[in-house]
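Trainee: Could we go through this structure together? I would like to learn how to read it piece by piece.

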Amino acid sequence: MIVVAGEALIDLVPRTAGALAELRPALGGGPYNTAVALGRLGSPTAFCSRVSSDAFGEALLDGLREAGVEVSSVQRGSEPTTLAVASIGVDGSAAYSFYVEGTADRLFTAPAQLPDSARAVSFGTCSLVLEPGASAYEELLRSCAAQDVFTALDPNIRAVLIPDADAYRARFLSWLPSVSLLKLSEEDARWLGGSPREWLAAGPAAVVVTRGGDGLTVFTRDGAEHSVPGEKVDVVDTIGAGDTVNAALLHGLSARDALSPAALAALGPDDWTDLLRFAARAAAITCSRAGAEPPYAAELGAP
C-alpha cells in the first residue's frame, strides 16, 4: 500500500475569465489529488490526513472512496474545510489564494502507526507549511524514514503561505536525509535556490524535475540524467498535473518493485525513460480537462 499524507481542500475554480467570475467548487489539495490519482491507476492507496466533518469534508472523503482509496487513517474535526481560490492564466497555469485560518487539516496529529502493508509514504504542499500540522507531518516523515519506509516529497511551493522563506528553505534541507524520492517543478527549484545535485548529496536516491510542457528530467546518485519531452495536448488548465506526476511515478515504481532507495538507485536508463514517459502521459491527460481530474489506468496502459 502507498500512503499519501497531507491536506485535502476545496479548490474554487473560475468558470470564465475575470476577477468576479462564477466559482466552481472542486475537490483538491496536492496530497489529495495524488491519492485519487493513485487509486484511479489501481495502486492500493490510503490517505492520512485530518478532514472536516462539514459538507465539503464529506464530499472529499466520498471522492477518495470512489477512487478506491482507504480512508480509515483519516482524522476528523468540526473545524471548516480549507479553501483555495484558483485563478487560471491564458496558458492554463493556475495561481491560488488560500483561506486556511482555523481549518480542520491544520490540526493533524501524527498517527501512532501506519497500515502494516504500507510500502511508501508521500508528503507535500500546504501540509508541510501550516502549523501545528506541519510539525506533525514532519514527525511522520522522519519516523517513516527511520523505519526504512520509502518516502516521496513534493514541496509544491505556495509562497503566499510561507511567512519566512529562508526558514522554510532551511527546513526543506533538513527533510532531505529522510527523503527517498524528491519531485519538484522548475519553479519550485528556482524558489528554493538549490540544485538537484546538491539535494541528491543530502539524501534522496533520485530527484525528478518537471518542466511543464517541456517534459521531465530525473537526476540520480550515480551522476546520470535522463529526460523525456512533454506530451502535446490542448491545455484546459494545469490543476493537479504535478500531483498526477507524483502518483504516476509512485505507481510505476511499485510496478517495478522499486519502492526502496536501493532499488531506485538500480534503475537503468530504459526504466527511467519508460517511467518518465508514463508520468508525462498521465499529466497531459490531467491538463486536458478542467480541474484536477487525473486519468484512470485504462487511459494509460502499463507504466
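**A helix, its rings and a strand**

Mentor: Let us begin with R169, which lies over the face of W191 at 4.2 Å from the ring centre. Please keep in mind that this is a predicted model.

Trainee: Which rings are linked into a cluster with W191?

Mentor: Ring pairs join W191 with Y168 and W175 in a cluster.

Trainee: And which residues of helix α4 are buried?

Mentor: Helix α4 covers residues 165-175, and its buried residues are Y168, F172 and W175. Viewed down the axis of α4, these buried residues fall within an arc of 60°, so they line one face of the helix.

Trainee: Why would residues spaced like that point the same way?

Mentor: An α-helix has 3.6 residues a turn, so residues three or four places apart point the same way.

Trainee: What do the buried residues of α4 pack against?

Mentor: They pack against several elements, including α3 (133-146), β10 (150-154) and α6 (196-202).

Trainee: What happens at the start of α4?

Mentor: There, a side-chain oxygen of D164 comes to within 3.3 Å of the backbone nitrogen of D166.

Trainee: Back to rings, please. How many aromatic pairs does the structure hold?

Mentor: The structure holds five aromatic pairs. One of them is formed by F108 and Y137, which are stacked at 3.9 Å centre to centre with 5° between the planes. F108 lies in the loop between β8 (94-99) and β9 (120-124), whereas Y137 is in helix α3, so the pair ties together parts that are 29 residues apart in sequence.

Trainee: Are F108 and Y137 buried or exposed?

Mentor: Both F108 and Y137 are buried. Y168 and W175 also form an aromatic pair, and theirs is edge-to-face, at 5.7 Å centre to centre with 85° between the planes.

Trainee: Why do Y168 and W175 count as buried?

Mentor: Buried means under 20% relative accessible area. Y168 has 6%, and W175 has 0%.

Trainee: New topic: how many residues of strand β12 are buried?

Mentor: Five of the five residues of β12 (residues 206-210) are buried, so the strand is largely enclosed by the rest of the structure. A206, V208 and T210 point one way, while V207 and V209 point the other way.

Trainee: Which strands does β12 pair with?

Mentor: β12 pairs with β11 in the parallel sense over five bridges, and with β13 (residues 216-220) in the antiparallel sense, also over five bridges. V207 stands opposite L182 and opposite F219 in β13.

Technical notes. Residues numbered from 1 in each chain as written. Predicted model: local features only at pLDDT ≥ 70, side-chain atom pairs only at ≥ 80, totals over all residues. Heavy atoms only, no water. Buried < 20%, exposed > 50% of the residue type's maximum accessible area, 1.4 Å probe, protein only. Helix = DSSP H or I, 4+ residues; strand = E, 2+ residues; numbered from the N terminus. Arc of directions from axis to C-beta. Contact = heavy atoms within 4.5 Å. Polar contact = N/O pair within 3.5 Å; in protein donor to acceptor, adjacent residues only side chain to side chain. Phe/Tyr/Trp six-rings, centres within 6.5 Å; stacked < 30°, edge-to-face > 60°. Lys NZ or Arg CZ within 6 Å of the ring centre and 35° of its normal. Pairing = 2+ DSSP bridges.
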